[in-house]
Amino acid sequence: MKKIIAVMAAVKSFGAMVFAGLIIVYTVFGGWFFGVKSIPLPLVWQALFIAFIAAALHYLAFCEHLIHTASFGHRLVLFGLPLLLVVCAFAYFGGWFPVQELVNWLAFIGLYVLFFGIVTAVMKLYFRFTGMKYAEVLSVYQQNH
């Protein structure tokens, strides 16, 4: 039971971060490039669903209990490609842009890859520095005990 609650808390936390990120990106870029003044309620719901689907996919791809031997790169593919399909489905059925034009899809997928790469790089740096900090603390602890 404790394990289920821990998993639910991790998925919820990651989903909340993704939701906040989606809303911030939409607000900043929508305002800067398209003059958007507010977020339509259906888009907020779509962002919420995408965020929690992303959280579930993230858990499935990066959970050590499910996939034991996959490299970080393989896990990124296991997370990023299904998420791309989900986001594309929301874009298509949600009418985010004129879907009949190939150039719109190329731009959309290009932006997805760009943002995915930026977020991945930032998270990798964060975990590297966090790991270094904990390694230092562990070293001090081991020297004193």
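Okay, let's start with Arg-75, which counts as buried because its relative accessibility is 5%, and the cut-off for buried is under 20%. Keep in mind that this is a predicted model. Arg-75 is in helix H3. So what is Arg-75 in contact with, once we leave aside neighbours within four places in sequence? There's Ala-61, Phe-62, Cys-63 and Glu-64, and then Ile-67, His-68, Thr-69 and Ala-70.

Let's stay around H3 and look at the core. The largest nonpolar core has 25 residues. Which of them gives the largest share? That's H3, with nine residues. The residues with the most contacts inside the core are Phe-79, Leu-83, Val-87, Phe-97, Trp-105, Phe-108 and Tyr-112. In general, nonpolar side chains in soluble globular proteins tend to be buried together.

Now zoom in on Phe-79. Not counting residues up to four places away in sequence, Phe-79 touches Phe-14, Ala-54, Leu-57, His-58, Ala-61, Phe-62 and Phe-116.

On to helix H2, then. H2 has 22 residues, and from its first C-alpha to its last it reaches 31 Å, close to the 32 Å expected at 1.5 Å a residue. Which residues of H2 are buried? Here they are: Leu-43, Gln-46, Ala-47, Ile-50, Ala-51, Ala-54, Ala-55, Leu-57 and Ala-61. And what do those buried residues pack against? H1 and H3.

For the H1 side, take Val-11, which sits in helix H1. Val-11 and Ala-54 are 43 residues apart in sequence, yet C-alpha to C-alpha they are 9.0 Å apart in space. As for what Val-11 touches, leaving out residues up to four places away in sequence, we get Phe-52, Ala-55, Ala-56 and Tyr-59.

Last stop, the largest pocket. Its volume is about 1,900 Å³. The pocket is lined by 47 residues, and the closest to its centre are Gly-21, Leu-22, Val-25, Tyr-112 and Phe-115. H1, H2, H3 and H4 each give two or more residues to the lining. Which helix gives the most? That's H1, with 14 residues. By class, the lining has 39 nonpolar residues, seven polar and one charged.

Technical notes:
Residues are numbered from 1 along each chain as its sequence is written. This is a predicted model: local features need pLDDT of at least 70, side-chain atom pairs count only at pLDDT 80 or more; totals for chains, interfaces and linings use all residues. Side-chain values use heavy atoms; hydrogens and water are left out. A nonpolar core is a set of buried Ala, Val, Leu, Ile, Met, Phe, Trp, Tyr and Cys residues joined through side-chain atoms within 4.5 Å. Buried means under 20% relative accessible area, exposed over 50%, partly exposed in between (1.4 Å probe, protein chains only). Helices (H or I, at least four residues) and strands (E, at least two) are DSSP runs, numbered from the N terminus. Contact means heavy atoms within 4.5 Å. On a 1 Å grid over the protein atoms alone, a cavity is a set of points where a 1.4 Å probe fits but cannot get out, and a pocket is an open set with protein on both sides within 12 Å along at least five of seven lines; lining residues have an atom within 4 Å of a point. Grid points are joined across faces, edges and corners, and a volume is the space filled by probe spheres set on the points. Ala, Val, Leu, Ile, Met, Phe, Trp, Tyr, Cys and Pro count as nonpolar, Asp, Glu, Lys and Arg as charged, and the others, Gly among them, as polar. The expected span of a helix is 1.5 Å times one less than its number of residues.
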